Amino acid sequence: MTAADRKQNIASALCKHLSMLSLDPNSYSTNLDKDIKSLCIDIFNSSPSGPSITKDNELMKWVEFASNFPVDSGTSLKALSELNEDLSKKSVILGNGLKISEADIVVFAAVHSSVISLSNSDRNKLPYLLRWMDYIQTKGDVGDAFQKIFLEKVQFEPPAAKSVKKVEVESNAKKTDTETKPASSSDVDSKKKSNTGVKKAAADNQTSAEKKLPEKVDDKDKDISVSLLKLQIGHIKKAWKHPSADSLLVEEIDVGEAKCRQVVSGLAKFCSPEQLTNRLVVLVTNMKPSKLRDVTSEGMVLCASNEDHTVVEPLIAPEGAKIGECISFAGHDGKPEDVLNPKKKQFEKISVNLFTDDKGVATFKGIPFMTSAGPCTSSIPRATIK
C-alpha cells in the first residue's frame with residue numbers, strides 16, 4: 001500500500017467515524033500531500049469539537065504514532081510489537097473502558113495493511129493487537145463502516161483455541177504415523193501377547209483421564225457468551241473461618257447494594273481471613289444462592305489457580321476500580337442472566353475459556369476482564385480461573 005492510499009484510508013475512516021458531521025472524505029483528497037498528522041488535524045478542525053480534540057495530548061500522541069508508522073515490513077513489526085504491548089492491559093487505545101476514540105480509528109487505519117500482510121507466525125506474537133483490531137472492525141456502526149473501507153478483515157483467533165488446534169494437529173500426526181508404519185512379524189506377535197494388558201492399561205488411563213479432565217462441553221455450547229455472567233468488583237469487609245468446614249472461609253462482601261453479601265469460598269488452605277479483609281475481588285453476583293455446610297453463599301469469588309492447584313488466589317482488581325462496577329469484555333455486550341440456571345451448567349461452560357495470559361491478565365478467550373481502571377490480573381500466569 002502506498003503512503004497516499006494509507007492517508008486516503010485514514011481520511012475515509014475518520015470521516016466515517018465523525019459521520020454525524022456529514023464530512024466528505026473526498027474533500028480531503030487535495031490534502032494527501034500533507035503528512036498524516038496534518039491531515040488528521042484538518043479533519044478534526046472541521047468538527048465543532050475540533051479544538052478540544054487537538055488539545056488532547058494523549059490522542060495526539062497516537063496520531064503522531066500513526067503519522068510515523070513505517071511502511072517497511074521489518075520496522076513495522078517492531079512498531080506493531082510495541083503497540084501490542086501497550087494494548088495488553090486495556091481494550092482500546094486511550095483506555096476509556098470500551099469506548100472507541102479517534103485514536104483507535106487513526107491507528108487502525110494506519111496499521112491495517114501491515115497487519116494483513118504479516119505471516120501467521122508473526123501474527124501469533126501479537127494477540128492483544130489482533131484482539132483490539134477484531135473489536136474495532138466488528139463493533140456496531142464503526143464495524144459496519146470499516147467493512148466498506150477495509151475489504152479484508154483481520155482474523156483473530158483466541159489463544160485458547162490456538163493451543164487446542166495445535167494439540168489436535170499433533171495428535172492426528174502421531175496417529176497417522178502409527179497407522180501408516182508397516183508392522184513386522186515380531187511386532188504382530190508382541191501385539192497379540194500384550195493385547196490383554198494394553199486393554200487394561202487403556203481402561204485405567206481412561207478412568208484416570210475422566211477424573212482429571214474438566215467436564216466436556218458440547219459443540220453447541222462452545223461459543224456461550226461470557227456476557228451471561230454478572231461479574232462485579234466487590235470489597236471484602238471481613239472474613240472468618242467456616243464454623244464446620246476447615247477448607248472454607250466466609251466473607252462479607254460489599255458490591256454497592258443496600259446490604260453486603262455473604263459468600264463462602266474454598267480458600268482456607270491458600271489465604272487467611274486477615275489476608276482477604278479489605279481486599280477488592282471479582283464476584284459472580286448472579287449465581288443462585290446456595291448453602292455450603294449449612295452456611296448461605298450469595299456469590300462466587302473468582303480465583304486463579306496453577307495447573308496442579310497448589311497455588312490459588314482471588315483475581316486482583318486494579319487500583320481505582322469502583323466497588324460494584326461490572327466487568328466488561330470487548331465484543332460481548334449482551335445482558336447477563338438475572339440468575340444463572342444450575343441445571344444448564346452455564347458457568348461451567350463459560351469457565352473453560354477463563355484463564356490468565358502470559359502476563360497474568362485475566363481473560364475470556366484472550367479478551368481481558370476490563371474495569372474503568374484497567375484489567376483484572378493475577379500473579380499466576382497461564383492460570384485457570386474459577
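**Charged pairs, strands and a helix crossing**

Tutor: Let's begin with Asp338, which makes a salt bridge with Lys335, their closest N and O atoms lying 3.4 Å apart. The term means a side-chain nitrogen of Lys or Arg within 4 Å of a carboxyl oxygen of Asp or Glu. Asp338 and Lys335 are both exposed (over 50% relative accessible area; buried is under 20% and partly exposed is in between, with a 1.4 Å probe and protein chains only).

Some ground rules. This is a predicted model, where local features need pLDDT of at least 70 and side-chain atom pairs count only at pLDDT 80 or more, while totals for chains, interfaces and linings use all residues. Numbering runs from 1 along each chain as its sequence is written, and side-chain values use heavy atoms, leaving out hydrogens and water.

Back to the charges. In general, side chains of opposite charge can pair when their charged atoms come close. Here the rule gives 7 salt bridges. Another one joins Lys61 to Glu58, with 3.3 Å between the closest N and O atoms. Those two sit in helix H4 (residues 57-68), 3 residues apart, or about one turn of the helix. (Helices, H or I of at least four residues, and strands, E of at least two, are DSSP runs numbered from the N terminus.) Lys61 is partly exposed at 45% relative accessible area, and Glu58 is partly exposed too, at 34%. Asp122 and Lys125 make a salt bridge as well, at 3.6 Å between the closest N and O atoms.

Now the strands, which count as paired if DSSP finds at least two bridges between them. An open sheet of 5 strands runs E3-E2-E1-E4-E7, with antiparallel pairing. Its edges are E3 and strand E7 (300-301), each pairing on one side only. Strand E2 (residues 249-254) is mostly covered, with 5 of its 6 residues buried. On one side, 6 bridges tie E2 to strand E1 (residues 231-241), running antiparallel; Glu252 of E2 has Lys238 standing opposite. E2 also has 5 bridges to strand E3 (residues 261-265), again antiparallel, and Glu252 has Gln262 as its bridge partner in E3. Between E2 and E3 the hairpin has 6 residues, and Gly256 takes a positive phi near 85° there. E1 is also joined to strand E4 (residues 280-284) by 5 bridges, antiparallel, with Leu283 of E4 partnering Gln232.

Last, a helix crossing. Helix H6 (residues 102-116) and helix H8 (residues 127-138) have axes that come within 11 Å and cross at roughly 115°. (Axes are lines fitted to C-alpha atoms, for helices over the stretch in contact, with angles from 0 to 180 degrees between N-to-C directions.) The contact, meaning heavy atoms within 4.5 Å, involves Asp104, Val107, Phe108, Val111, His112 and Val115 of H6, and Leu129, Leu130, Trp132, Met133, Ile136 and Gln137 of H8. By class, the contact of H6 with H8 has 9 nonpolar, 2 polar and 1 charged residues. Nonpolar covers Ala, Val, Leu, Ile, Met, Phe, Trp, Tyr, Cys and Pro, charged covers Asp, Glu, Lys and Arg, and the others, Gly among them, are polar.
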